[in-house]
Amino acid sequence: MKIDFSLHPGQLAPKLENFWSLSGEKIRLIEKEYDSAEGSPVFTMEGKYTARGWTEWTQGFQYGSSLLQFDATGDLHFLDHGREHTRKFMAPHVSHAGVHDHGFNNISTYGNLLRLMRESKFPFDSWEKDYYELALKVSGAVQAGRWTPTREGGFIYSFNGPHSLFVDTIRTLRVLMVSHFLGHAAQGEGDEKIDLLGRALQHARTTAAYSIYYGKGRDAYDVRGRTAHESIFNVKDGQYRCPNAQQGYSGYTTWTRGLAWAMCGFAEELELLDWLSEASLEIYGGKMQIEHFMLDAAKATCDFYLSHTPADGVPYWDTGAPYLYKMENYLDKKADPFNAYEPVDSSAAAIAAQGLLRLGKFLDRRDPELSKTYWQAGLTVMNTLLEDPYLSTQASHQGILLHSIYHEPNAWDHKPDQNRAAHGESSMWGDYHMREVALYLTRVANDEKYYTFYGCIDPNLIK
């Protein structure tokens, strides 16, 4: 990546204003044209959102997008839409025991609604507050129930089964943490109380140890900061076995959206950790030790992203994709969504941008020089995504962020030209995370309250 150290958030304000205008049009277009009977919208085909059965992990992004739009613009239509559709359709996601996606679906809806109420963006109502809090409490407990013990701790297992740790689940941990700080504890057999914060930290530690490589010790053969999408464990004895990939090229290459999830997840969890007292973390190994492994993971993944992403900050779908070698000096140039060999993934860029910005902010007092590198890298990525060819300006296209990729190994993504890589389409997670990082920067540029996932919790409860 070529980082633009001259950028500052205020310079992006006109682009952000244009983004929110287009974003509102896209949300209204989906409301008008999409048939919800088809299932949750997942990604576009020829500019129109379609469903794709695998797991129901995108509906929260759909309604959460409306809530982010309201937050940024104050347009009550989007509050009403997100609020009402959360009430009508999101309850099954709260009790869904078969997925690892609670931190996506339910923080994006119930979490944003509770946050907006706490910020007085709409009138406070004690019963409505209790409703959102109950949903988040239960969601965290249900998510924590997908638990595989290991020799050192454990992890929340993916929909593949108890042997499977996905790197993207690092961002699901938010819901366990929110549930914990709302005063909840899960209960197991014999009324055993399950410490939700403890489980979240154990999962984070397992992810940092086995999903991320550091180029030393066990990982001496590999490159620092690389991630494996899936890590396989023997469920009989809790031992780690090998890396694997579901959406990446292989277990020994880096699927860039998985990398981005790690960048963003660890960075925002470090922000929450900063709020917590030494005493509250003593039983989990101590604040210094927890911060150490999380910061190592965050910096390693962010550094790998900076070293293995094209000049403008948008990555190809996997850093080991088989035909990248045909694209001469591809890292020294802007990413090319229209190339003949491998697709870019703008959704990975949007997620990564938030991770870079948050890590930069976190390090501001600790390491100002390194902080500046990550912060400016995040602004550089956003400067790219907020304009052509990534910003969707065609009135009939329902997506806001173009050139997102879902599942290249399964060939699920639309190829308008069979002689070129898949391009020109959007995804519900890409659109949501683009709106999320745009909201983050909008608030920074306007000197508003800093946006965090734990903004839905009374600060007095975070100790």
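The largest cavity in this predicted model has a volume of about 120 Å³ and is one of 5 cavities of 30 Å³ or more in the structure. A cavity is here a set of points, on a 1 Å grid over the protein atoms alone, where a 1.4 Å probe fits but cannot get out, and lining residues have an atom within 4 Å of a point; grid points are joined across faces, edges and corners, and the volume is the space filled by probe spheres set on them. The lining of the largest cavity comprises 14 residues, with Trp 57, His 100, Phe 159, Asp 168 and Gln 247 lying nearest its centre. By class, this lining divides into 7 nonpolar, 4 polar and 3 charged residues, where Ala, Val, Leu, Ile, Met, Phe, Trp, Tyr, Cys and Pro count as nonpolar, Asp, Glu, Lys and Arg as charged, and the others, Gly among them, as polar.

Residues are numbered from 1 along each chain as its sequence is written. Local features need pLDDT of at least 70 and side-chain atom pairs count only at pLDDT 80 or more, whereas totals for chains, interfaces and linings use all residues, and side-chain values use heavy atoms, with hydrogens and water left out.

The structure contains 25 salt bridges (a side-chain nitrogen of Lys or Arg within 4 Å of a carboxyl oxygen of Asp or Glu). One of them pairs Arg 115 with Asp 71, the closest N and O atoms being 2.9 Å apart; because Arg 115 belongs to helix α5 (residues 102–118) and Asp 71 to helix α2 (residues 59–73), the pair ties together parts that are 44 residues apart in sequence. Helices are DSSP runs of H or I with at least four residues, numbered from the N terminus. Both Arg 115 and Asp 71 are buried, that is, under 20% relative accessible area with a 1.4 Å probe and protein chains only. Asp 345 and Arg 257 likewise meet in a salt bridge (3.0 Å, N to O), which links the loop between α11 (287–307) and α12 (346–362) to helix α9 (residues 256–275), 88 residues apart.

Of the 132 residues in the largest nonpolar core, Phe 266, Leu 356, Leu 359, Met 382, Leu 385 and Met 434 touch the most other members, a core being a set of buried Ala, Val, Leu, Ile, Met, Phe, Trp, Tyr and Cys residues joined through side-chain atoms within 4.5 Å. Apart from this core lies another, of 8 residues, among them Phe 155, Tyr 157, Ala 228 and Phe 233.

Technical notes: Helices (H or I, at least four residues) and strands (E, at least two) are DSSP runs, numbered from the N terminus. Buried means under 20% relative accessible area, exposed over 50%, partly exposed in between (1.4 Å probe, protein chains only). On a 1 Å grid over the protein atoms alone, a cavity is a set of points where a 1.4 Å probe fits but cannot get out, and a pocket is an open set with protein on both sides within 12 Å along at least five of seven lines; lining residues have an atom within 4 Å of a point.
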